[in-house]
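Here is a tutorial dialogue for someone who is learning to read a protein model.

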Amino acid sequence: MTTKFAKFGSVFAGVAMALSFVSPVSAATVAELQAQINALMAQLSAMSGGAAVSSSFTTDLTVGSKGADVTALQQALVAKGFLTMPSGVAYGYFGNLTKSAVAAWQAANGITPAVGYFGPKSRAAFGGVAGTPATPATPAATGITTPGAEGTLTVTAGTVSNSTIYSGDTLAPVLVFKAKALSSDIAIQRVKIDLGTASSIYSKVYSKIYLVDEAGATIASSDLNSNTVVKDSDDIYYITLSGFSSVVPKDTTKTYTLKVDVRSISTGSADLTSHTVRLAANGVRGVDGAGIDQYSPAAAITVSKAVTTAATLSDSASVTLSTGANTPLTQEVVAATGASNDQADKVTLLTFDIKASKDNVTLTDLAATVTSTGGTAATASSTYLYVGDTLVGSASLALGTATFSDINVAIAKDTTKTFTLKADIQAANSVQTTFAASVAAAGMTAENSAGDSITGGNRTGSATGNSILVRNDGPIFSLVSKTITYTPAATLTGATSTAKATFVVRANAVGSDIIFGTQAASTTFGFGTYKASTLTTLLNASTTSYTIPSSGVVTSGLQTGQAFKISENGTADISVDFLFEGRTAAGVLLATDSYAVGVESIKWSLTGNNVISSTFMSGKTDWRTSTITMP
């Protein structure tokens, strides 16, 4: 007890001595003396176990509060390790630093919400614990594993993923920095941010700022207003985040992100512009294992980022149009239904994708173009628009345009929906008509989540379908399989390597019997050789042969030059080979390269010898083999 009173005596003597020097001294000396008094008062409070300061509060305390109650609260928080009063700052004013200390004390004592408002719950709880020093939530060296070691703090710029943030955004990243601790653990305890020289950045643009660690946890935050933002003598506005402790282990680096909440800003406002946020010079303070403050970066320009604030994200909404992966390949369609056997219902002409970006979008209307060439009889009448298997609209074709109105298809932000355009074909005859469909960006009418139209450059892309060839009778060809094999030259003089391509073609006779000619003239199937993906005429020997299907065909009762017939509604698979040599007809080796074979045409007839040639597969990679190296 004697020792304790002796300590009290020495502390009071220190206070008296400090006060005796107050008279004619400079402002800097007064600040130093005030700091000494603060420290001595804290010692006094600590030695008394908190009993030397008032623990009975009758009013709520918050930012802006002043007086003896604030002083008592601050002294108690200092004694408990939740508050460190800066040099030159007197007790008695409840500022942002005290708010953070109260929040830390609340969190440590299970008081919710732990937001730094000292209200009835806190006053009641504080009275019960004031006499017993609590373990602070974030004491100066919490988590330090290198006691006594002096360290160095280096702060460098990180990468911000975005260069634009939007009106109304929350937790939008504006600055990233990396803190590296050398030779000791360092507990980061303060970050001072340079907001520039314009007050509008905190009064009209940003409403709150957060410090977030690399785990995504918010370790400090502050509202941005005239009570929290300070204008220094250099005419720069600063906000300081403190009251936390985030340890960077020795010889490691941690990444921190400053994020902001953006106020609602009217479209066209001058505040929708670029703003620069940077760390103040020596803006990051940490404490090393020896208890020494370490600061970085040395200059404010070291960690800086300009970020543009734009109108609400909905104002930037866009839609992008593209041809779908499953749009039909060029193909023949036989329209042989209906009373006159000349119709085909809901023929797929095009699939296309529409992607919404930056906001949820509603596609309200869509205009598609359908063209026809070749035959003059077949026409496309009714058209249909699907999303997946769901019909979302139908329209008559007028002057080549189908307009789907009031379809109201919702497309969520950053997602894509696939649409399918189909049409009814009428009045087809034996003369082939080619149909093609397309959609242009201007054909999309869409709205953002605010109900505003998406126009101009925010509508982009196009979608164009392949040719769909329509007649009212004939075969429908499809490719079952394709292979190519290489046989090297035999060890004989003049011998040559060969390549053999084998195709299995499925033919379905629709609307009529289909007749195929003999292979004597090698003209029923036409092939092309591709050198390095380019159709190339090779002056070499080649042969074509096919096998008459063993089932599904008729070989009797045919005319001269006819090999077999597929009866109406029948189907048969035809295997056909094309072989070519690795030397030209003059005996010269082919140039070494990659070669492939493709089906270019198939000839057939309906009756007699009126031969019709299907060429829709010409040049199509899906009717072409893989490549081999010749010769």
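The dialogue below goes from the whole chain to single residues.

Q: What kind of model is this, and how are its residues numbered?
A: This is a predicted model, in which local features need pLDDT of at least 70 and side-chain atom pairs count only at pLDDT 80 or more, while totals for chains, interfaces and linings use all residues. Residues are numbered from 1 along each chain as its sequence is written, and side-chain values use heavy atoms, with hydrogens and water left out.

Q: How many helices and strands are there in the chain?
A: Helices (H or I, at least four residues) and strands (E, at least two) are DSSP runs, numbered from the N terminus. The chain has six helices and 37 strands.

Q: How much of the chain counts as buried?
A: A residue is called buried under 20% relative accessible area, exposed over 50%, and partly exposed in between, with a 1.4 Å probe and protein chains only. Of the 631 residues, 43% count as buried.

Q: Which residues touch the most other members of the largest nonpolar core?
A: In soluble globular proteins, nonpolar side chains tend to be buried together. A nonpolar core is a set of buried Ala, Val, Leu, Ile, Met, Phe, Trp, Tyr and Cys residues joined through side-chain atoms within 4.5 Å. In the largest core, which has 42 residues, Phe 352, Ile 354, Leu 363 and Leu 366 touch the most other members. Strand S15 (residues 344-357) gives the largest share of this core, seven residues. A second, separate core of 40 residues includes Leu 153, Ala 179, Ile 239 and Ile 265.

Q: Where is Ser 167 found, and what does its side chain reach?
A: Ser 167 is found in the loop between strand S2 (164-166) and strand S3 (172-182), and it counts as buried because its relative accessibility is 6%. Its side chain reaches the backbone nitrogen of Ile 265 at 2.7 Å. If we leave aside neighbours within four places in sequence, the residues in contact with Ser 167 (heavy atoms within 4.5 Å) include Val 262, Arg 263, Ser 264 and Ile 265.

Q: Which strands are joined to S35 by bridges?
A: Two strands pair if DSSP finds at least two bridges between them. Strand S30 (residues 525-531) runs antiparallel to S35 and is joined to it by seven bridges, and strand S37 (residues 628-630), also antiparallel, is joined to S35 by three. Strand S36 (residues 611-614) pairs with S35 in the antiparallel sense over four bridges. Tyr 595 of S35 is the bridge partner of Lys 531, and in S37 the bridge partner of Tyr 595 is Ile 628. S35 itself (residues 593-605) is mostly covered, with 10 of its 13 residues buried.

Q: Which peptide bonds are cis, and where is a positive phi found in a residue that is not a glycine?
A: Most residues other than glycine have a negative phi, and most peptide bonds are trans. Here the bond from Thr 112 to Pro 113 is cis, with omega near -5 degrees, and a cis bond also joins Ser 296 and Pro 297, where omega is about -5 degrees. Ala 427 has a positive phi of about 60 degrees and is partly exposed, with a relative accessible area of 32%. Ser 533 has phi near 75 degrees and is exposed, with a relative accessible area of 58%.

Methods:
A polar contact is a pair of N or O atoms within 3.5 Å; within protein, one must be able to donate a hydrogen and the other to accept it, and residues adjacent in sequence count only if both atoms are side-chain atoms.
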